[in-house]
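Me: I am new to this structure and would like to learn how to read it. Could you take me through some features, one at a time?

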Amino acid sequence: MDMAQDPSGDTAITRPDELLVLVLQGGGALGAYQAGVFEALSEKDALPDWIAGISIGSINAALIAGNPPETRVAALRGFWQTISSLVTFDPPVPGLVARTVFNEASATASALLGIPGFFRPRLPPTYVLPTEDPGALSYYDTAPLRDTLLKFCDFDHLNDKGPRVSLGAVNVGTGNFCYFDTDDVRIGPEHVMASGALPPGFPPVEIDGEWYWDGGIVSNTPLQYVIERGVKHDMVAFQIDLFSARGSLPRTMEEVSKREKDIRFSSRTRLGTDVVKQRQLERRAIHRLLEKLPPDFDDDSDAAFLRDHENDASVTIVHLINRMRKHSRDSKDYEFSRHSVEERWNDGYHDAMCTLQHPAFVNRSKPDRTIEVLDLATGEDLSDSRTSAPGRRNFMSGKRR
């Protein structure tokens with residue numbers, strides 16, 4: 001089946017019988033990349049049916065789902081403007097060394113002073129003045145994030161009118177991974193904050209008597225949950241990752257730390273996708289096998305068990321990965337300067353547009369037997385000078401300059 005056409009004549013993001021799902025990885029300041037991707041999708045009138053996120057991916061998910069379609073990009077822009085308002089000036093001089101120093105200085109400022117509308121240092125620090133309150137066990141206080149979420153996200157809209165939302169977190173007491181899903185609970189700011197409560201920087205969040213940390217501790221990519229819980233219907237899932245599992249061998253101790261973080265939080269992106277692909281292949285094979293069984297097996301307990309684990313849904317995964325620039329360091333996920341946030345937003349927009357215009361996406365058809373994975377934005381043209389080229393987008397206004 002060929003792709004449908006929208007009223008403007010452009011290729012539509014989905015077919016009429018297909019769910020649009022956004023899968024948003026965690027990654028702190030790198031989350032501006034996801035916002036840029038969504039801006040590109042919104043220009044194609046994309047209306048997600050389901051958004052699954054972890055950590056900063058959960059925040060972006062809430063901002064999208066908690067607003068009507070016409071104000072979603074504006075809500076994302078308002079949030080990212082707020083949290084990038086500590087360092088608003090550009091690097092004073094060009095060059096890789098100067099940019100690296102600028103980024104490190106910006107990250108140091110974040111660590112010492114906190115981020116407006118997001119988190120602030122605890123004074124006095126908890127390690128100096130111990131506390132019996134589990135909600136204060138962290139270097140930073142995330143109370144400002146709650147106010148920012150309430151400013152840019154309408155949680156009544158999220159729960160009553162928005163797409164399905166699933167946010168990953170970890171139960172501190174049991175160590176079990178869980179999802180807060182609007183199919184099961186009403187989501188509030190505390191669920192979003194729990195999904196992004198990465199220790200020891202951020203404190204655990206209490207929900208219904210249980211304490212929760214960032215879901216990225218266990219798995220930073222919610223793709224498996226989407227496939228396990230949602231594949232009874234054809235879907236196209238945009239998997240928007242902030243860490244790349246691929247990289248070169250470190251040459252310095254600083255590069256060791258950076259590479260370790262990339263591997264840990266990429267959650268073995270492509271391996272996970274391959275595992276999901278194999279599982280769906282098995283489910284569709286079970287579906288076809290059950291159709292061949294004679295009526296004598298209608299009441300068979302083994303057949304009944306298999307029916308609970310089969311489906312014939314078609315899944316296309318569109319993979320978008322934020323690829324690091326040469327000036328990126330281990331501090332990249334807490335480097336919130338306005339210049340870097342705008343750069344990442346532009347990268348996401350660029351990669352998404354390249355993907356949406358790629359012949360493999362434009363001409364895609366329904367996968368016959370398994371999951372199809374489209375990894376089309378290779379990042380090979382991602383140079384450190386690209387954002388100074390003509391057509392650079394200013395995420396503050398959404399206009400080109």
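Reply: Gladly! Let us begin with the surface: the protein exposes about 18000 Å², and carbon and sulfur atoms supply 54% of that area. Accessible areas come from the Shrake-Rupley method with a 1.4 Å probe, and for residues only the protein chains shown count as cover. This is a predicted model, in which local features need pLDDT of at least 70 and side-chain atom pairs count only at pLDDT 80 or more, while totals for chains, interfaces and linings use all residues. Residues are numbered from 1 along each chain as its sequence is written, and side-chain values use heavy atoms, with hydrogens and water left out.

Me: What share of the 401 residues in the protein is buried?

Reply: Buried means under 20% relative accessible area, exposed means over 50%, and partly exposed lies in between (1.4 Å probe, protein chains only). Here, buried residues make up 55% of the 401 residues.

Me: How many helices and strands does the protein have?

Reply: Helices (H or I, at least four residues) and strands (E, at least two) are DSSP runs, numbered from the N terminus. This protein comes to 13 helices and 13 strands. As for contacts (heavy atoms within 4.5 Å), 75% of those with a separation of 6 or more are between residues 24 or more positions apart.

Me: Which backbone angle stands out at Ser55?

Reply: Look at phi: Ser55 has a positive value of about 60° although it is not a glycine. Asp208 has a positive phi too, of about 50°, and is likewise not a glycine. Asp208 belongs to the loop between β7 and β8 (210-214), and is exposed, with a relative accessible area of 78%.

Me: Where is the peptide bond cis, with omega near -5°?

Reply: That bond runs from Pro199 to Pro200. Pro200 is in the loop between α7 (189-195) and β7 (205-207). Another cis peptide bond joins Leu123 and Pro124, with omega about 0°. Pro124 lies in the loop between β3 (120-121) and β4 (140-141).

Me: Which residues make the nonpolar surface patch of about 480 Å²?

Reply: Patches are made of residues with over 30% relative accessible area and no salt bridge; like charges are joined within 9 Å, and nonpolar side chains (Val, Leu, Ile, Met, Phe, Trp, Tyr) within 5 Å. A salt bridge is a side-chain nitrogen of Lys or Arg within 4 Å of a carboxyl oxygen of Asp or Glu. In this model, Tyr127, Val128, Leu129 and Tyr139 make the patch. Val128 is placed in the loop between β3 and β4 and is exposed, at 54% relative accessible area.

Me: How many disulfides are there?

Reply: A disulfide is a covalent bond between the sulfur atoms of two cysteines. The rule used here asks for a pair of cysteine sulfur atoms within 2.5 Å, and the count comes to 0. Looking at individual cysteines, Cys153 is buried at 5% relative accessibility, whereas Cys354 is partly exposed at 32%.
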